[in-house]
Amino acid sequence: MKARDTVFIGFTLFALFFGAGNLIYPVTLGYQSGTSYLPAIIGFVFTGVGIPIVTVAAISFFKNGATQLAGRVHPKFGLYFTSLVYLVIGPFFAIPRAANVAFETGVVPFVNGSSLTLFIYSIIFFILVFWVSLNPSKLVDRVGQVLTPALFLAILGLVIGSFFLLDGETVAPIEKYQSQPLVKGFLEGYLTMDAIAALAFGIIVVSSFRERGVEGQKQLTMRTLQAGLVTAVGLTSVYVAIGWIGTKMATEGSYDNGSAILAGAANVMFGKPGTLLLGVIVGLACFTTCVGLTVACGQFFSKRVPALSYKMVISIVTLISFAISNIGLNQIISYSVPVLVFMYPITIVLIVLTFLSRLFRHSPNVYRGAIFLTALIGLYDGLVAFGLKMPAVTSLMSQLPLFNYSLSWVVPALVGAIIGLLVDFISGNPNHSEGYQES
């Protein structure tokens, strides 16, 4: 295997990750964080780049991907959690969000962005998504190979243009970034969904290396990390650049979301032609992302539910995505936050345990203890993010270490793992390696 193959797979992973959230959240962060941009973007990159790449590396340990990884807690947990992952990156959040970003960027700057316009647009959009998803492989591959460089060049054009054509000054951060901007950026990185998406995309990368003759656990993990480094450089460059544009747009007007900020930046610098070009490229990027996620959901659920054919699954996925997309981008973002606040800590703990599992002989008790307490804290955080007021519970939770940093799940996860070790010790400390085979 040649080095260029690793680079190519790294670009492929970049294309898989790069979707709507990778565009709208960094520019929003820059727009809101202002003079606190540097620590905020560092936190964002940690969760938006670092954790997803490490997650892909963790998948390289398993032949059957995320289902087997999460199955170390319990086989049913592996199935249910992975199913939730596909629903989150599919019809419930990521697909409707991508459709709305395409609408906000490519349609709203030119026509009335009313609910009726969104309804008509989404009908056409999801009919095309369904049609292409019926037989997507060649078209998605070809468009992706052309589109990703084109999108990268468009973003590069915006960045270069911003140095000469954006005169806005960096302003003071809004309230949520005035204290602990690094932590706030860390939490904003959740919204890209890339760590969760990595649970689904990781097996694609691993399979690509195996097809090229990479064998052995150490070599496979090393190659995966090398490809991940290529992806990390690309994602970090884009995030930092787009975020910086956001800092310059704070004095150019008031915007509701990242799509509007990007469209506004293109219009300020290049007028309507720039807005049109950006809209077309982002629209195609979001379209291919929707097709890829629809196909992924179709393949996953049709294999696990024999009564559902692939065509039936993608029909259901497109119908649900169509319905949710019509509530609007801001609403989709707001209701996705509680779910992501709940799921991200579980994902992080699963990945950490995967790399440390040899130390405790792959004990399911360690996994179960850590995940149970993490999920318990995550559920509380998710309900609070949803807007539920629980003064008595909050008073109790506030006693946990790192509560003020929104990381109160860290110590309970460690305590749960220790309890799992104690259970093993009391029961005779069995060797759990059998039945938990890696790749």
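Author: A pocket, on a 1 Å grid over the protein atoms alone, is an open set of points with protein on both sides within 12 Å along at least five of seven lines, and lining residues have an atom within 4 Å of a point; its volume is the space filled by probe spheres set on the points. This is a predicted model, in which local features need pLDDT of at least 70 and side-chain atom pairs count only at pLDDT 80 or more, whereas totals for linings use all residues. Residues are numbered from 1 along each chain, and side-chain values leave out hydrogens and water.

Reader: What volume does the second largest pocket have, and which residues are closest to its centre?

Author: The second largest pocket has a volume of about 780 Å³, and of its 34 lining residues L187, E188, V337, V341 and A385 are the closest to the centre. Helix α14 gives the largest share of this lining, six residues.

Reader: Why is α15 called roughly antiparallel to α17?

Author: The axes of α15 (residues 364-386) and α17 (residues 410-426) come within 7 Å and cross at roughly 150°. Because angles over 145 degrees count as roughly antiparallel, α15 is roughly antiparallel to α17.

Reader: What makes up the contact of α15 with α17?

Author: With contact meaning heavy atoms within 4.5 Å, the residues include G369, L373 and I377 of α15 and G416, G420 and D424 of α17. By class, this contact has ten nonpolar, five polar and one charged residues, where Asp, Glu, Lys and Arg count as charged, Ala, Val, Leu, Ile, Met, Phe, Trp, Tyr, Cys and Pro as nonpolar, and the others as polar.

Definitions and conventions
Axes fitted to C-alpha atoms, helices over the stretch in contact; angles between N-to-C directions. Helix = DSSP H or I, 4+ residues; strand = E, 2+ residues; numbered from the N terminus. Parallel < 35°, antiparallel > 145°, perpendicular 65-115°, else oblique. 1 Å grid on protein atoms, 1.4 Å probe; cavity = no way out; pocket = protein on both sides within 12 Å on 5 of 7 lines; lining within 4 Å.
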